[in-house]
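Work through the exercises below with the sequence and the structure in view. Each task is followed by a solution in steps.

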Amino acid sequence: MHVSQGRSAGLGLALASALTFGSSGVAAKPLIEAGLDPLQVTWLRAAGAALLLLPVAWHHRSLLVRRPALLVGFGLLAVAGVQACYFAAISRIPVGVALLIEYLGPALLLGWVRFVQRRPVSRAAAVGVALAVGGLACVVELWAGLSFDALGLLLGLGAACCQVGYFLLSDHGGDDAEPVDPLGVVAYGLLIGTLVLTVIARPWGTDWSVLGGRADLNGTGVPAALLLLWVVVVSTVVAYLTGVLAVRHLSPPVAGVVACLEAVVATVLAWVLLGERLSAPQVLGGLVVLSGAFIAQTSAPRRAPAAPVAGSPPAAADGAQGPASPAGRLASGDGGRAGAGAVPEGDTELSEGSQTT
């Protein structure tokens with residue numbers, strides 16, 4: 001019961017994050033077509049969200065002393081790194097190719113868990129990643145824009161690696177005796193990311209008059225300031241917060257696979273709101289990505305922490321080491337959040353495999 005509720009909550013948050021992140025392109029593209037540079041839009045997005053969360057950052061100022069490395073890492077990788085590498089990549093290679101490479105992040109994450117941490121990876125998560133990557137290749141129509149540029153591919157891979165950092169850092173601190181508030185992490189991450197992006201985007205050259213006018217949204221004039229407000233509040237603040245919470249309820253590998261839906265959401269919204277048509281392979285690819293996300297989410301959470309029983313001896317092995325670490329939960333897809341009463345791992349895997357959502 002608790003396991004199912006925890007998974008449902010995590011899946012709902014992951015879907016909300018994919019929806020809100022995926023909506024950013026539809027709102028940002030009219031701003032870019034109105035005269036803003038893509039990097040300037042990225043800076044406005046991060047800076048606006050950071051300004052909005054300044055009171056939150058002040059409230060959680062103790063994090064600067066308690067977890068400075070976590071905040072700096074989140075700002076550099078999850079905010080500035082992903083954005084800068086991706087936009088630099090699309091300046092050299094097709095957007096679809098760059099998007100596919102960036103969303104190799106979940107596959108790289110499983111590789112990190114399996115070969116660097118030397119921990120087993122759930123079969124459901126592995127199959128989900130394989131399906132998601134294959135489906136994304138169809139969504140972005142990879143075959144329509146193949147061109148080899150070594151630096152562009154490396155930059156795309158850099159965005160994927162930064163995405164891995166986003167999922168790992170989102171999970172970090174959730175199991176501490178005094179858990180790190182995800183809202184504080186997001187607030188300081190955006191502040192630090194904005195400082196880094198300021199150097200890259202050079203916003204002092206922005207044509208601010210664009211924000212006072214209207215932007216074209218598939219033939220409809222929409223206030224540019226309203227589009228920017230959507231990007232800041234919904235596609236950044238809400239998206240990052242729900243994404244961090246989703247990782248803590250599920251696990252980095254599983255949340256990463258569900259996050260692949262962002263590309264599908266972006267493509268569908270572009271079809272509906274921008275008039276960009278979808279081909280049959282794109283529709284098929286979207287269904288494959290959905291299948292991969294569905295399969296992957298069945299692996300989380302797989303095992304609940306054992307509740308202490310009066311008069312029973314201390315648990316051996318893992319139980320003697322205290323709460324499960326984030327690294328330990330990466331291997332099995334265990335959210336470590338729900339339920340009490342341990343079940344042998346083999347039995348848990350069988351029961352989880354038979355559950356439906």
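**Exercise 1. Decide whether glutamine 40 is buried or exposed, and find its contacts.**

Solution. This is a predicted model.
- Step 1: glutamine 40 has a relative accessible area of 10%. Buried means under 20%, so glutamine 40 is buried.
- Step 2: Glutamine 40 belongs to helix α3, which covers residues 38-52.
- Step 3: set aside the neighbours within four places in sequence. Glutamine 40 is then in contact with Ala201, Gly205 and Thr206.

**Exercise 2. Classify the aromatic pair of phenylalanine 74 and tyrosine 240, and say which parts the pair ties together.**

Solution. 
- Step 1: count the pairs. There are 5 aromatic pairs.
- Step 2: take the geometry of the pair. The ring centres of phenylalanine 74 and tyrosine 240 are 6.2 Å apart, with 65° between the planes. Planes over 60 degrees apart count as edge-to-face, and this pair is edge-to-face.
- Step 3: locate both residues. Phenylalanine 74 is in helix α6 (residues 68-90) and tyrosine 240 in helix α12 (residues 224-249), so the pair ties together parts that are 166 residues apart in sequence.
- Step 4: look at the accessibility. Phenylalanine 74 is buried at 0% relative accessible area, and tyrosine 240 is buried at 4%.
- Step 5: widen the view. Both residues belong to one aromatic cluster, formed by Phe21, Phe74, Tyr166, Phe167 and Tyr240.

Arginine 61 lies over the face of tryptophan 58, at 4.2 Å from the ring centre.

**Exercise 3. Describe helix α9 and helix α13 by span and by buried residues.**

Solution. 
- Step 1: helix α9 (residues 123-139) has 17 residues. From first C-alpha to last, α9 reaches 24 Å, close to the 24 Å expected at 1.5 Å a residue.
- Step 2: the buried residues of α9 include Ala124, Gly128, Val129, Ala132 and Leu136.
- Step 3: look past the end of α9. Glutamate 141 follows the helix and has a positive phi, near 50°.
- Step 4: helix α13 (residues 252-259) is mostly covered, with 8 of its 8 residues buried. Among them are Pro252, Pro253 and Val254.

**Exercise 4. Summarise the protein chain in numbers.**

Solution. 
- Step 1: the protein chain has 17 helices and 2 strands.
- Step 2: of its 357 residues, 49% are buried.
- Step 3: among contacts between residues at least 6 apart in sequence, 88% join residues at least 24 apart.
- Step 4: the accessible surface is about 16200 Å², and 68% of that belongs to carbon and sulfur atoms.

Conventions. Residues numbered from 1 in each chain as written. Predicted model: local features only at pLDDT ≥ 70, side-chain atom pairs only at ≥ 80, totals over all residues. Heavy atoms only, no water. Buried < 20%, exposed > 50% of the residue type's maximum accessible area, 1.4 Å probe, protein only. Helix = DSSP H or I, 4+ residues; strand = E, 2+ residues; numbered from the N terminus. Phe/Tyr/Trp six-rings, centres within 6.5 Å; stacked < 30°, edge-to-face > 60°. Lys NZ or Arg CZ within 6 Å of the ring centre and 35° of its normal. Contact = heavy atoms within 4.5 Å. Areas by Shrake-Rupley, 256 points an atom, 1.4 Å probe, with all protein chains shown as cover. Expected span 1.5 Å × (residues − 1).
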